[in-house]
Amino acid sequence: MAGLNLSRRLFRNGCATILLYLLMASVALLLAGITAFLIRNGWSVLSWEFLTQPPRDAMTRGGIYTPLIGSIQLIAVAMAFAFPVGVLTAVYLVEWARDGLFTRTLRLAVRSLAGVPSVVFGLFGLSFFVITLGFGASLLSAGLTLGCLALPVIVGASEAALTAVPKDYRDASYAMGATKWQTIYKVILPAAFPSILTGAILAVGRVAGETAPIIFTGAAFFTPRIAQSLLEPVMALPYHILVLATAGTAIDKTRPIQYGTILVLLALVLGVTFAGVLYRARLRLKKQ
Amino acid sequence: MNNVNVRQTIDAELEGLRRNLLNLANLAGEAVKKALWALCEQDKALAREVIDADDDLDRRALRIDEDCLRFIARFQPVAQDLRTVSAISHMAIDLERIGDLGVNVAKSAVRLADRPFVKPLIDIPRMGEILQEMIDAAMRAFINGDAEEAKRACAMDDTIDDLERQVFREMLLMMMEKPRIIEDGTALITVARTLERAADHVTNLAERVLYVITGKVASASQFRRPKEPRNDNGR
Amino acid sequence: MGKTIKFQTSAMNLWYDRFQALKAIDITISERAVTAFIGPSGCGKSSFLRCLNRMNDFVPGARVEGEVFLDGRNIYDSDQDVITLRRRVGMVFQRPNPFPASIWDNVAYGPRLHGVRNRRELDEIVEKSLRGAAIWDEVKDKLRTPALALSGGQQQRLCIARAIAVEPEVLLMDEPTSALDPMATARIEELVRTLKERFTVAIVTHNMQQAARISDETAFFLDGEIIESGPTHLIFTSPRDGRTEDYITGRFG
């Protein structure tokens, strides 16, 4: 009886294994296909000049220097805003907030924020940063809008990271006469930092590829030079792709540039992610 | 739960130790009783039997002592378990001594078997009976956890002491009268003294039993009549 | 031998909301001695330990009635500063819990909290504390390596070093060896014996043999009450209460 049962179980196990492998293979195939498609169409335009020259001749020639730098600037502004605010919000939620109506509402609000379509963030940015605060359509407005988009991701990840810090660390710190802030600042945040970083990396990925929130708030169709101050509009890679794909006058000529730009955007996101992962790995190595 | 099983093992082991000790007590009591019987009946063969049986008794005592050590090493007993096993270990030694004293009596019996007694033996058999009662009482107290019984065992030592002194005085008078019986007289005094020492070991047993039961170190003298200055200078 | 009383409780009750975890605790803890708390799981011994440095303050719904005197002062008085209290009454936990940082940083953590900044001074404190916890020789060449790379037993001794680095007067230990192997346990026990020369030690342990080996006084907890307390040698040879007897001889618990 055990034999029969066993062969049946082994059979099922085999089926499940095969199914999972198939699923995995199809996902990998899909990704490889997309990447291959992009590389086939965009590889020809990639060159050093492509990265260091601004677009010329109604974007049919030249490079993507201005949108590339613009995207990096946007990410920097968005993170400079969202990272500290997000982490501190999470610290508040985990360490200070007593479980009550206010906390629960706050938590719910943050969660819902993550589900809001990005175009809504764009409209909010337009009415709040651009008009109400008077920042105009600028790097600052667009960056802050993207920051708002990143906020729920960072808060969520940080909350999870802070909650995951073993209670033992807190106990040990308090038992030596540490205050709450000392404990958070010197023990809990450092211990949670690698995981918080993971959240931030994900947020960067999300922010870098967004178009809708920046269209109204600071992304320019074209600027001749990179932004010199926070209040100038910037070009950005995702918007640039949109422009190339929809607003070009000579679609045939811009198409390779469009795919090349996508490849660069992909590389940028991957690069930021990879740098973050490396840094995190080094941090962990130092601690364990 | 595992704990309960360990507890059952401990209880079983202690039960085994108790049974072996009880056995030893029987053998020790038997040795004294038989030796006295051999003395009274002038039965050399019986006396030799007692002497020969002593090796077995010694072995058993040693065995109990080893078992106690092994028990301590394995279970690291505390509280009553610890007191019990410690008591058993000590009591085995006392009982082994009582057995040895029985052998001494048996040896005297062999020596005295060829001649008529210098006097009829009354007090010495009486001492033997009381000694037996004391051993029984001490062991009963141990098995039943009865502190009163143990105290009674201690108290009986007074009677033994009285009888020993009586034998001593009586023989002294007779020997002064008839010096030729000095050899036999001294032998009888020695027998009485031996029995008295055996009784002292029994009070040790009773003290141990009291410690097991109450957890307090007891001295047998607490349960005996107050000591009075002795007037016989013979001791 | 004149024993000074370090801690004394008087009619102390501990409530977790409606549940009374400790009932009318009256006990004294002698200075520079090891006091062990034993009892079955959930008997309140760990809770009691945590009342002594007010770690229970963190438990929502926890409430202490009665008085707990440290050197004659009630630590539950409203003017008692908890930070100072915990500096004086340190704690070592069940699981070794070094911070994910270097050995040096772990030990220096406490002194830094309390304002020691001078590097040389910190070095001295670190060495002294590690020596005090009998782990200096094992780690002196790798003070900068991560504490989590140490073995469990070493981690626990490091935690002891960390706790004594702030020069507390009392060291509370909550089952400090329950996560360790017998060899590591033996080293900690040895350490506890030496610690009592400088500190008052109160230790919760599940291991009765351990209590018997290392403590001078023992208190037996059952269902939130102290059933019996007194010199360890008496508790383990001649307990007065039948429940103590039953517990230490393994009849329950």
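Here is a tour that starts with one chain and then moves on to the contacts between chains.

Before you click, note that this is a predicted model, where local features need pLDDT of at least 70, side-chain atom pairs count only at pLDDT 80 or more, and totals for chains, interfaces and linings use all residues. Residues are numbered from 1 along each chain as its sequence is written, while chains are lettered from A and ligands numbered from 1 in the order in which they are written.

**Stop 1: chain A on its own**

Walk along the sequence and the pattern reads α-α-β-β-α-α-α-α-α-α-α-α-α. The C-alpha trace of chain A spans about 70 × 60 × 40 Å along its principal axes. Chain A has 288 residues, and 39% of them count as buried (20 or more other C-beta atoms within 10 Å of the residue's own, with C-beta atoms placed from the backbone; exposed is 12 or fewer, and partly exposed lies in between). Among the contacts in chain A with a separation of 6 or more, 76% come from residues 24 or more positions apart; a contact here means C-beta atoms, placed from the backbone, within 7 Å.

**Stop 2: the two domains of chain A**

Now colour 2-44 as domain 1 and 50-287 as domain 2, bounds that come from an automatic or database domain assignment. Taken over C-alpha atoms, the centres of the two domains are 33 Å apart. Where they meet, five residues of domain 1 are in contact with five residues of domain 2. On the domain 1 side, that makes two nonpolar, three polar and no charged residues (Ala, Val, Leu, Ile, Met, Phe, Trp, Tyr, Cys and Pro count as nonpolar, Asp, Glu, Lys and Arg as charged, and the others, Gly among them, as polar).

**Stop 3: a helix pair in chain A**

Select residues 65-96 and 139-164 of chain A, which are helices α3 and α6; their axes come within 6 Å and cross at roughly 35°. The axes are lines fitted to C-alpha atoms, for helices over the stretch in contact, with angles running from 0 to 180 degrees between N-to-C directions. The residues of this contact divide into 22 nonpolar, seven polar and one charged.

**Stop 4: chain A meets chain C**

Bring chain C back. Of the two pairs of chains that touch, A and C have the most contacts. Here 17 residues of chain A are in contact with 24 residues of chain C. On the chain A side, look for α7 (167-175), α8 (180-208) and α11 (251-287), the elements that give two or more residues. Helix α7(A) gives the most, six residues. By class, the chain A side has nine nonpolar, four polar and four charged residues.

Definitions and conventions:
Helices (H or I, at least four residues) and strands (E, at least two) are DSSP runs, numbered from the N terminus.
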